[in-house]
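Here are my notes on this one, written as numbered points. Have the model open while you read.

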Amino acid sequence: MTTDAETDVFEEHRPVLMGVAYRMLGRVADAEDVVQEAWLRWSGADRAEVREPRAYLVRVTTRLAIDRLRQVKARGEAYVGPWLPEPYVTDFGDTVPDTAERAVLADSVSLAVLVVLESLSPLERAVFVLREAFGYPYADIAAMLDRGEPAVRQLAGRARRHVDERRPRYEVDPAQRRDLTERFLAAAAEGDLAGLMEMLAPDVRLVGDSGGKSKAPLRILESADKVGRFLVAVAGKAVPDMSFRFLELNAGPAILILSGGTPDSVFQVDVSAGRIRSVYIVRNPDKLRSLASA
């Protein structure tokens, strides 16, 4: 049985474990399941064999996440429409005081990056997350994955090139992003096409994730005209008993739309050169359950 001290050790490292698992899986419920399984492994571990609790817990969590990711890929389930990660409430608070480290963690949990990570192999994704997001040395990652260091370096290089080639480049100016998010909400709610067009970049993309379980575009919309007109059309279809709140999701400002107090959709935008370059809409109810108490 675990002691209170051992429980405290696990709880101390829980945010890191959840961060690793979520970046690996892009799904909050799956990440929580993996962290719970890590707790079971920790509670039954031989303490004499555990010299560094954090390293042990991260290793266990990473391996469990790899197994879960392989199972998901092996099932090969067809997803209806575009896929986006499950929105994840982020609040680094005082746990990450260093500005540069906060920027890295924020970037690695963004919707844009997580979409790219979905195309990596489970091992590539594990190496990328451990190296790029959490800064683990190659030797430590090799030990965690039972791989040689040269193989890990090769995996890291391949994953880094893949991400660099496919990830969009956006500015991370929290104040500007928040301002544009608020103005975006106001213009969209009012059906103000002219106001939206002023904010949207000419090549803006709108990605809607419904999983076929609610209404959202089944294809990515591209161009300011198409995106603006879609948003105006959506504004004309009122959500029953609608309310909204601003949250920090995936390290950026987001809008949670509620219908009768139940999460209906999440809107988030990416910004570059003072214009909105991407609009993300998550309407799959399975991906909104964790936000009910947010």
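Predicted model: local features only at pLDDT ≥ 70, side-chain atom pairs only at ≥ 80, totals over all residues.

**Helix contacts and ring pairs**

1. On the helix 6 side, L123, E124, V127, F128 and E132 take part, and they meet V152, L155, A156, R158, A159, R160 and V163 of helix 8. Sorted by type, the residues of this contact come out as eight nonpolar, four charged and no polar.

2. How do the two helices cross? The axes of helix 6 (residues 122–133) and helix 8 (residues 149–166) come within 8 Å, at a crossing angle of roughly 85°. Angles of 65 to 115 degrees count as roughly perpendicular, so that is the label for helix 6 and helix 8.

3. Have a look at A156, which is found in helix 8. Its relative accessible area is 7%, so A156 is buried. Leaving out residues up to four places away in sequence, A156 touches V127 and Y138. The C-alpha atoms of A156 and V127 are 5.8 Å apart, although 29 residues separate the two in sequence.

4. Y138 turns up again in a charge-over-ring arrangement: the charged end of R131 sits over the ring of Y138, 4.1 Å from its centre. There is another case with R178, whose charged end sits over the ring of F246, 4.2 Å from the ring centre.

5. Now the rings themselves. The count of aromatic pairs is five. One of them is W42 with Y56, a tilted pair with 6.0 Å centre to centre and 50° between the planes. This pair links distant parts of the chain, with W42 in helix 2 (residues 28–43) and Y56 in helix 3 (residues 53–75), 14 residues apart. Are these two buried or exposed? W42 has 3% relative accessibility, so it counts as buried. Y56 is at 15%, so it counts as buried too.

6. Because F184 lies in helix 9 (residues 174–190) and F267 in strand 5 (residues 262–272), the pair ties together parts that are 83 residues apart in sequence. F184 is buried, with a relative accessible area of 2%. For F267 the relative accessibility is 14%, and under 20% counts as buried, so F267 is buried.

How values were computed
Residues numbered from 1 in each chain as written. Heavy atoms only, no water. Phe/Tyr/Trp six-rings, centres within 6.5 Å; stacked < 30°, edge-to-face > 60°. Helix = DSSP H or I, 4+ residues; strand = E, 2+ residues; numbered from the N terminus. Buried < 20%, exposed > 50% of the residue type's maximum accessible area, 1.4 Å probe, protein only. Lys NZ or Arg CZ within 6 Å of the ring centre and 35° of its normal. Axes fitted to C-alpha atoms, helices over the stretch in contact; angles between N-to-C directions. Parallel < 35°, antiparallel > 145°, perpendicular 65-115°, else oblique. Contact = heavy atoms within 4.5 Å. Nonpolar A, V, L, I, M, F, W, Y, C, P; charged D, E, K, R; others polar.
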